[in-house]
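Thanks for making the time this morning.

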Amino acid sequence: MSNVQYVGGAQPRVDGPLKVSGLAKYAGEFPAEDLAYGVVVSSSVAKGRIRRLDLDAARATPGVVAILTHADRPTVTTDAKKHQDQAAPPGFPFIPLHDDRIVYSGQPVALVVAESFEAARDAAALVRVEYETEPAVVDVAQRRDAAYDPPEKRDGVPPPPPPRGDADAAFSAAPVKISGDYRIAVEHHNPMEMHASTVFWDRGKLVVHDKVQGVTNTKAFVVNVFGLPEDDVRVLSPFVGGAFGSGLRPQYQLTLAVMAALRLKRSVRVTLTRDQMFTFTYRPDTLQTVALSADSDGRLQSIRHDAVACTSTFEDYQEAVVNWSGLIYACDNVSLSYRLAKIDTYTPGDMRAPGATTGVYALEAAMDELAYAAKVDPLELRLRNYADHDQNDDKPFSSKELRACYERGAQAFGWSRRSAEPRSMRDGRDLVGLGMATGCWEAMMQPHSARATLTPEGKLEVACATADIGTGTYTILAQIGADAMGLPIEDVVVRIGDSSLPMAPVEGGSWAAASAGSAVQAACRGLREQILTHARALENSPLANASLDHVVFSGGGVALAADPARSVPYGEALRASGLQRLEANADFAPDEAFTKKFAAYTHSAVFVEVRVDEELGVIRVSRVVSAIAAGKILNQMTARSQILGGVVMGIGMALHEESMPDRRLGRFMNHNYGEYHVPANADIHDIEVIFVDEIDEANSLGIKGLGEIGIVGTAAAVANAIFHATGRRVRDLPITPDKLL
């Protein structure tokens, strides 16, 4: 019996045909006969209170069935803990329509519900709101002097490690030193699919279709906030049109949709506009100062990295921003600090590689400056300061093939052809620059459960409540199931994104593949044990005395490894036992002993070539090579796609993306795709992805996760290449032509 090995190959997405044909339904597309439509009215001021709401014209609009406001809405709990979801930071989460207070621009102040979307939209435009306004601060730099250490730490986010050595004394004594301030503009997530919630009401029970990265998170939120029985709420999110972290927490359209459905006792859909996608979470504005010193050979003598990040007035959002500076390079004198400053916006949130994207940009830009100060090649500088263990936690790495990333990336890129001096390489009117940076991201895992079900026809279903936010979860779980049971991948059905399925937390942090994949593998292992038991029980079974170690599961059956002719098809084993199906459930949790002993990270080396028009300052990223060490690669095709997406977002951070606050009005002004620029096809040229071999034992699959590592370090590599091209060091991103002229 022959069998294709799917894990490790290049498998097209199993959900691809549904998506490209338009048959995949998203949260705002599920139909219901009694569906009403809600449109959010957003505040036009950033701070103050609602003095008066004039709803008469809106109520008179034909088709309007209800208008919810702070003065007229269903009751929700005010217990802060019941509003805190799986990804919530410490504090009191924002409750839409809670009272008359305005705490940020764009805050929902009313929900207009009508028989049609058009009627709701038109009526919402007729709502008139009078405000008493107060001065608002939306620039973290204005609150820097009021920065504070967060009194309560966020779960899953380690605080900066304590200082080691004496960074200040080492800095003062070192012959080579640099110091600089770094800043990245606020970025909004802006996935293709806008946030939407469709709530089906059926005799008091709710089926919620939500754009979210964790259906169990949404279900718990709805149950807790509205005081509903668990059996009365089911959440579905089979397809997610991108999220990048914006779907980790339930957003306000969910609360409003559930409010309306409970009030009207009918199904309600609320879909946010693109404008309103700028009225909730974003990558936080963070002020960073990095000071590095080295000896005359470029070996680090001290690292100091201080950050002040913005948060809202009602929650203490936190990221691991500065921690990376204590573990990426070897250094005995390190001082790291991270503080918060409150501003009058919504709470910032996790956005692809939260903390690392921000902190590693500053560190890697500073390392480039140090390379020039020490007159050492930037790649050689990193090799001289290579860390062979995590000094933050004093642990060895579970695996680390970063040297191979440097070597293979540099070779593919042609780093040896780089001229050392800035502004020394040209091609016609273009200044050519080559830059590089290191990337790092934690290889995390979370408890997950899964179920595997086999039918006599040899069809396998694997189920887990995890999500697929475009990363390829459907496909990798199908690959794992197909290999485990020796079936064609076409005979495997994957069910995810349903709160009635075995437990999974939110999908984030690049942990889904390792965690959900391990749970599916364990469930299939349970199936194999059951099948062998039934196969051995057959009369005159060819496997009567076989143990699990001596059989293979291939070609739709179980056979002796030493004599494949002695086999039993799955269908024969089930039918002989009178079974219509076999089912196995399994739980996965990270090995605590392993995580206590080892530090697990993915690593990358990013090499970038830019071309800068000398007269106009226009920047083109002409080539990128991203070399990745991330354990075993489950799917070469979807893995490459993940890195490509991360690199493109890194280019966007370096050159394009910027949510521009008006400090007088207290709002983001470019709240649309016309003025908030993301990379388009014309901005992206050649990107080469290299996966280096790496063996890791953190889980049975040997995988680490790929969703985040592609973006980390990319913006720094672009910025470093621009300096090499132009000789001009720009430390605040994005780097636009006006900053070079």
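By a nonpolar core I mean a set of buried Ala, Val, Leu, Ile, Met, Phe, Trp, Tyr and Cys residues joined through side-chain atoms within 4.5 Å. Please keep in mind that this is a predicted model. The largest such core has 108 residues, and the members that touch the most other members are Leu-292, Trp-324 and Val-610. Helix α8, residues 356-374, gives this core its largest share, which is 11 residues. Apart from that core lies another, of 99 residues, with Tyr-26, Val-113, Phe-226 and Met-259 among them.

If we leave aside residues up to four places away in sequence, Leu-292 touches, among others, Phe-171, Val-176, Ile-178, Leu-363, Ala-366, Met-367 and Leu-370, and its partners also include Lys-177 and Ser-302.

Now to the helix pair. The axes of helix α15, residues 636-655, and of α16 come within 7 Å and cross at roughly 50°, and that angle makes α15 oblique to α16. On the α15 side, the contact is made by Val-647, Gly-650, Ile-651, Met-653, Ala-654 and Leu-655, and on the α16 side by Thr-714, Ala-715, Val-718 and Ile-722. The crossing of these two helices, α15 and α16, is right-handed.

What about α16 by itself? At 1.5 Å a residue, the 13 residues of this helix, 714-726, should span 18 Å, and the end C-alpha atoms are 19 Å apart, which agrees. Helix α16 is mostly covered, with 13 of its 13 residues buried, and it is followed by Gly-727, whose phi is positive, near 80°.

How values were computed. Residues numbered from 1 in each chain as written. Predicted model: local features only at pLDDT ≥ 70, side-chain atom pairs only at ≥ 80, totals over all residues. Heavy atoms only, no water. Helix = DSSP H or I, 4+ residues; strand = E, 2+ residues; numbered from the N terminus. Expected span 1.5 Å × (residues − 1). Buried < 20%, exposed > 50% of the residue type's maximum accessible area, 1.4 Å probe, protein only. Contact = heavy atoms within 4.5 Å. Axes fitted to C-alpha atoms, helices over the stretch in contact; angles between N-to-C directions. Parallel < 35°, antiparallel > 145°, perpendicular 65-115°, else oblique. Left-handed = near helix turned anticlockwise from the far one by under 90°.
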